Amino acid sequence: MTNTQAFDLLFERTNEAIASLDSIPVARVTGRLVKVTGNMLQAVGCRFKLEQRCLVETSDGDMIEAQVVGFDHTIAFLMPIRRLGGLFAGAKVIPLDGDSTVELGDHWLGRVVNGLGEALDDGPELRGGDRVSLEPKVINPLKRRPVDSPLDIGVQAINGLLTVGKGQRIGLMAGSGVGKSMLLGMMAKNTEADVVVVGLIGERGREVREFIETNLSMDARRKAIVVAAPADDSPLMRLRATLLCHRVAEYYRDKGKDVLLMMDSLTRYAMAQREIALSLGEPPATRGYPPSVFNALPQLLERSGNGENPTGSLTAIYTILAAGDDQQDPVVDSARAILDGHVVLSRKLAEQGHYPAIDIGASISRCMASCVAKEHSALASEFRQAYSGYLEVKDLIPLGGYQPGQDLKLDSYVALQPRLTAYLKQNYDASAGFTDSLAELAQIFQSS
């Protein structure tokens, strides 16, 4: 190498070194931990931003990820994503830059993950794919694709009488032990959607494995993604899992897929929000729920539904726990006002062995009229009229208060009762397609 070449090489590398100086941080500002109360951490010494992610040092040298959930003057309130352990006074708190992101792709199909996108099954690590933020994408309401076509979910009573449209959001509302999770699993197994995203939020840990092995067939597992955050996870992990399952559903919707998002349950999400709000000192308002909970619900539920893509759809089904079978529970009432329909499950029907225990009179699909033909809508209305007419005299029949022949229309309702009840029942292992459900509905009145 000549002197000239050596000089040129030295000059080039010197310029590269000088240019790289701008990307080297001169100093990293950190805070320190000053107080721990329950799951709430308090840190000072740094400018923290709301919802910013941080790393908190532990006594054994590990780092715990936390998130800023509030502040008071110079004190920042943080909540850990994982369980606490090994914290000490004066521990280093390192703020992180950028939004929370995950790498999404088709390698997520068939997998079970936690709220951080980490695999919970025995499969390989979820590496690669598109880097996407957990932050919601704001959609112009005028550009949303309308709900105008039905989605087959394999349940005869819903397909025929409470038709769900592609892009609709409905709630399964009932007390504990009435069959919400079983009905959810039935839909997951039988739906025609391209991708099924299941969020198991705040439920019993044993239900995660049971849902996968019992409710999902092998074909359903290949197109399903399960995001699980059991009840013993931190409130923040439950919130992260909720946001993640919505983000995954949005990702596939925007790729042109028909997505079915099922979340069990919306009530546990509201309870996680309540835990954080009460820890921050927010006063309880309605039955112990702070006002911020009812502000968070529409922000979450508006993420589901159709987007701007003319070929993709995101249909969402949320289970909602009605405490004490009270349909005026604040979370139930708030969700009912936001969602595009609701399916109410009756404990009385469940106790009679009627499955699925759908109370047709109390349930409604607000998008059905725009998704089905007029003939279908007329048949569903006729069914409702006949069923409600029978219920009016049901209690009078054993007492002798109903006398046949006085009201011919009422007589026809009573005569139809066995067929109406049979239509509403369906074995857990059975699947009823949309076309078959409509044919069975028409058969009820053709035979009368």
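## Domains

The protein is divided into domain 1 (31-95), domain 2 (101-369) and domain 3 (377-445), with bounds that come from an automatic or database domain assignment. Taken over C-alpha atoms, the centres of domain 1 and domain 3 are 60 Å apart.

Please keep in mind that this is a predicted model, in which local features need pLDDT of at least 70 and side-chain atom pairs count only at pLDDT 80 or more, while totals for chains, interfaces and linings use all residues. Residues are numbered from 1 along each chain as its sequence is written, and side-chain values use heavy atoms, with hydrogens and water left out.

Helices (H or I, at least four residues) and strands (E, at least two) are DSSP runs numbered from the N terminus, and two strands pair if DSSP finds at least two bridges between them.

Strand β1 (residues 31-37) is joined to strand β2 (residues 40-44) by 5 bridges, and the two run antiparallel. Along this pairing, Leu-33 has Ala-43 as its bridge partner in β2, and Thr-37 stands opposite Met-40. The two strands form a hairpin with 2 residues between them, and Gly-38 in the turn has a positive phi of about 65°. β1 also pairs with strand β6 (residues 92-95), in the antiparallel sense, over 2 bridges. There, Gly-31 stands opposite Val-93.

## Nonpolar cores

Which residues touch the most other members of the largest nonpolar core? They are Leu-161, Met-187, Met-262 and Phe-383, in a core of 62 residues. This core lies between domain 2 (101-369) and domain 3 (377-445), because both give residues to it. Apart from it lies another core, of 54 residues, including Met-79, Ile-201, Leu-239 and Ala-335. A nonpolar core is a set of buried Ala, Val, Leu, Ile, Met, Phe, Trp, Tyr and Cys residues joined through side-chain atoms within 4.5 Å. Buried means under 20% relative accessible area, exposed over 50%, and partly exposed in between (1.4 Å probe, protein chains only).

Met-187 is in contact (heavy atoms within 4.5 Å) with Ile-153, Val-155, Ile-158, Leu-172, Leu-260, Met-262 and Ile-317, leaving aside its neighbours within four places in sequence. In soluble globular proteins, nonpolar side chains tend to be buried together.

Leu-301 is found in helix α8. Is this residue buried or exposed? Leu-301 is buried, with a relative accessible area of 0%. Not counting residues up to four places away in sequence, Leu-301 touches Arg-169, Leu-266, Tyr-318, Ile-338 and Leu-339. Leu-301 and Ile-338 are 37 residues apart along the chain, yet 7.6 Å separate their C-alpha atoms.

How many disulfides does a search of the whole structure find? The search finds 0 disulfides, a disulfide being a pair of cysteine sulfur atoms within 2.5 Å. The sulfur of Cys-46 has its closest cysteine sulfur in Cys-54, 7.5 Å away, which is too far for a bond. Cys-54 is in no disulfide.

Cys-46 counts as buried at 18% relative accessibility, and Cys-54 is buried too, with a relative accessible area of 0%.

Most residues other than glycine have a negative phi, and most peptide bonds are trans. His-73 has a phi near 60°, a positive value in a residue other than glycine. His-73 sits in the loop between β4 (63-72) and β5 (75-80) and counts as exposed at 75% relative accessibility. Arg-287, not a glycine either, has a positive phi of about 50°. Arg-287 lies in the loop between α7 and α8 (291-301) and counts as exposed at 52% relative accessibility.

Two cis peptide bonds complete the tour. One runs from Asp-264 to Ser-265, with omega near 10°, and Ser-265 lies in the loop between β13 (258-264) and α7 (266-279). Another runs from Tyr-355 to Pro-356, with omega near -10°, and Pro-356 is in the loop between α10 (347-351) and β16 (364-365).
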